[in-house]
Amino acid sequence: MKNLLAGIALLGTVAFASAQTITFDNTTFEYGTIKPGSDGTRFFTVTNTGDKPLVLSNVKPSCGCTTPEWSQDPILPGKSSKIKVGYNTALAGPFTKMIEVFSNDPVNSRSIIYIKGNVDANAVEAAPEPAPEPIVLTPEELKAKEKADKKAAKIAAKEAKKAEKAARKAAKEAKAAN
């Protein structure tokens, strides 16, 4: 029985040693004091610092005044994606909002990011934050991206099957040991 448990622990260690890892450029975005009706859109950068594709399965705001948008496409190792967060700046007063980010990162499957600020009619008008430059891909780059996305999806599916098979085998062995 001890050998079985040691084997399962070793398998788990190997599985986590090589995986997708979620990191953020920052976990709190400070709006400062802004006027009502100001642009409430901000961006968080998510980077996959692991060696397997990272998938953001859900991004959930703490209330309806915050609206997140994100790509469902896998984030390849070393690549980044943006989470667009919008806040309803028609609501006057200070705010601190939590946004939950769910991913297939085995260690941080639930991460939390925050937006903070104050909507005040007496706020000084600030210069708007420039919008990120759109990424324009050539037809060759688009084909390569599609190919890489398909490959990442296949790898993710294969890894999920392996993990499921290993879990079934471990459960079967544990049941047999009892």
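Modeller: Before we start, one term: a residue is buried under 20% relative accessible area, exposed over 50%, and partly exposed in between, using a 1.4 Å probe and protein chains only.

Colleague: OK, so what share of the residues in the protein is buried?

Modeller: Of the 178 residues, 26% are buried. Keep in mind that this is a predicted model, where local features need pLDDT of at least 70, side-chain atom pairs count only at pLDDT 80 or more, and totals for chains, interfaces and linings use all residues. Residues are numbered from 1 along each chain as its sequence is written, and side-chain values use heavy atoms, with hydrogens and water left out.

Colleague: Got it. How many helices and strands are there?

Modeller: The protein has 2 helices and 8 strands. These are DSSP runs numbered from the N terminus, with helices being H or I of at least four residues and strands E of at least two. The order from the N terminus is α-β-β-β-β-β-β-β-β-α.

Colleague: Switching to aromatics: how many pairs turn up?

Modeller: The whole structure has 5 aromatic pairs. For a pair, ring centres of Phe, Tyr or Trp (its six-membered ring) lie within 6.5 Å; planes under 30 degrees apart are stacked, over 60 edge-to-face, and the rest tilted. One of them is F29 with F44, edge-to-face at 6.3 Å centre to centre and 75° between the planes.

Colleague: Which strands do F29 and F44 sit in?

Modeller: F29 is in strand β2 (residues 28-34) and F44 is in strand β3 (residues 41-48), so the pair ties together parts 15 residues apart in sequence. F29 counts as buried at 16% relative accessibility, and F44 is buried at 0%.

Colleague: And why is the Y31 and F95 pair edge-to-face?

Modeller: Because their planes are at 80°, with the ring centres 5.3 Å apart. That pair links distant parts of the chain, with Y31 in strand β2 and F95 in strand β7 (residues 93-103), 64 residues apart. Y31 is buried at 8%, and F95 is buried at 5%.

Colleague: Which residues form the aromatic cluster?

Modeller: F29, Y31, F44, Y87 and F95 form one cluster.

Colleague: What lies over the face of Y31?

Modeller: R42 does, at 4.3 Å from the ring centre. The test is NZ of Lys or CZ of Arg within 6 Å of the ring centre and within 35 degrees of the ring normal.

Colleague: Last topic: which cysteines form a disulfide?

Modeller: C63 and C65 do, with sulfur atoms 2.5 Å apart; the cut-off is a pair of cysteine sulfur atoms within 2.5 Å. C63 is partly exposed at 24% relative accessibility, while C65 is buried at 13%.
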